[in-house]
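Subject: Structure for your attention

Dear colleague,

Please find below the structure that I am handing over to you.

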Amino acid sequence: MIAAAIHCNAANYLRVNQIGYLVDDVKVAVIMMEHGDAPTSFCVVNADSGKKTVMHSVKPTGEFAGFAQTARLDFSRVKTPGTYYITAAGAKSSSFRIANDAYAGAQEVPLNYMRQQRCGWNPLMRDSCHRYDGRLQLCGDRDGEHVDVRGGWHDASDYLQYLTTSANAVYQMLFAYSQNPSVWADNFQADGTEGANGIPDILDEARWGLEWMLKMNPDDNTFLNQIADDRDHRSPGLPNEQMADYGWGAGKDRPVYPCIGSPAGLREYKNRSRGLASSVAKFSSSFALGAKVFETLDPALPLRCLESRAWHTMWRRQTRATARRYAPCRLISMRRTTGPTTLSWQRRQ
Ligand SMILES: [Ca+2]
């Protein structure tokens, strides 16, 4: 739910679902009060006609997050499509729609964020960043070796990159598409710039992540987990202007850490990962579902590579039980049938 807080008297705030409400859905607004008791009534106002409906379905929910009082305002019985706002205890909400198509297009909104977070070629900046990624660390004799791990997404509000979060994002996008293939728009190209390319945009984004994950698992024995560390924070700013220096020059190569089943990083910059099985499972489940989803959509994607990587990551490490436990959505069961590797999927109950 996207919520908005609009204050009227600098004391009370009303939060509503800015996307809107379906006609027959449960409809609740929340009032946040800096002082005073919860109201006993509130008004639902039709923004077009000005018609007011007084309602009394108020459920006080007590103190929360620094507010002296909060309450849930239920207006589910308002079922006439239109644009509305709510007033209560001197506060006024932002306007919202009640309509059966209120959610239309909402599934595309998160993809704007994913495109914005792309590392390497970034469609919003129309420029590239972190072009020298990266150099292996904590890999024994391979320390300092250059590996091409360009791509993927920046994590959160800095420019570190993680297998765990990226794989989960990949899996969730593939899973969302596979559940409702017909609802996804095609307004962007594979590189994230405007224009249709015949592929749903959610799969353009999932593929961007899968191709990066293949770089992070380049062979049977290499499982990479993380790019950069907290030295990233020494150089804030736009990603294509970042000048963080990890020892190979300002704005040059960044360190790449492997999945080793223990915290990785340098000195105080270590992460807290202990999940080799978790990471391996994330590789496996994302590769497996990717192979299935792209099988007919985009033969250009190296499917055999995805299948092989999925199979290998799932079984080779002898972490089946643990890997299943940590796989995204607790999916996955795979089995080999006759001939070339064949994958099947079973939703874990
Ligand atoms: Ca597209």
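Of the contacts in the protein with a separation of 6 or more, 62% are accounted for by residues 24 or more positions apart; two residues are in contact if their C-beta atoms, placed from the backbone, lie within 7 Å. Please note that this is a predicted model, in which local features need pLDDT of at least 70 and side-chain atom pairs count only at pLDDT 80 or more, while totals for chains, interfaces and linings use all residues. Residues are numbered from 1 along each chain as its sequence is written.

The protein has six helices and 16 strands; these are DSSP runs numbered from the N terminus, with helices (H or I) of at least four residues and strands (E) of at least two. Of its 349 residues, 36% are buried, a residue being buried if 20 or more other C-beta atoms lie within 10 Å of its own, with C-beta atoms placed from the backbone.

Helix 2 (residues 163–179) contains 17 residues. Its buried residues include Val170, Met173 and Leu174. As background, nonpolar side chains tend to be buried together in soluble globular proteins.

Which residues does alanine 206 contact, leaving aside its neighbours within four places in sequence? They are Val170, Met173, Leu174 and Gly290.

The strands deserve a look as well. Strand 15 (residues 224–227) pairs in the antiparallel sense with strand 14 (residues 161–162) over two bridges, where two strands pair if DSSP finds at least two bridges between them. Here glutamine 161 has isoleucine 227 of strand 15 as its bridge partner. Strand 15 also pairs with strand 16 (residues 255–258), again in the antiparallel sense, over three bridges. The bridge partner of glutamine 226 in strand 16 is tyrosine 257.

Yours sincerely

Conventions:
The expected span of a helix is 1.5 Å times one less than its number of residues. A residue is buried if 20 or more other C-beta atoms lie within 10 Å of its own, exposed if 12 or fewer, and partly exposed in between; C-beta atoms are placed from the backbone.
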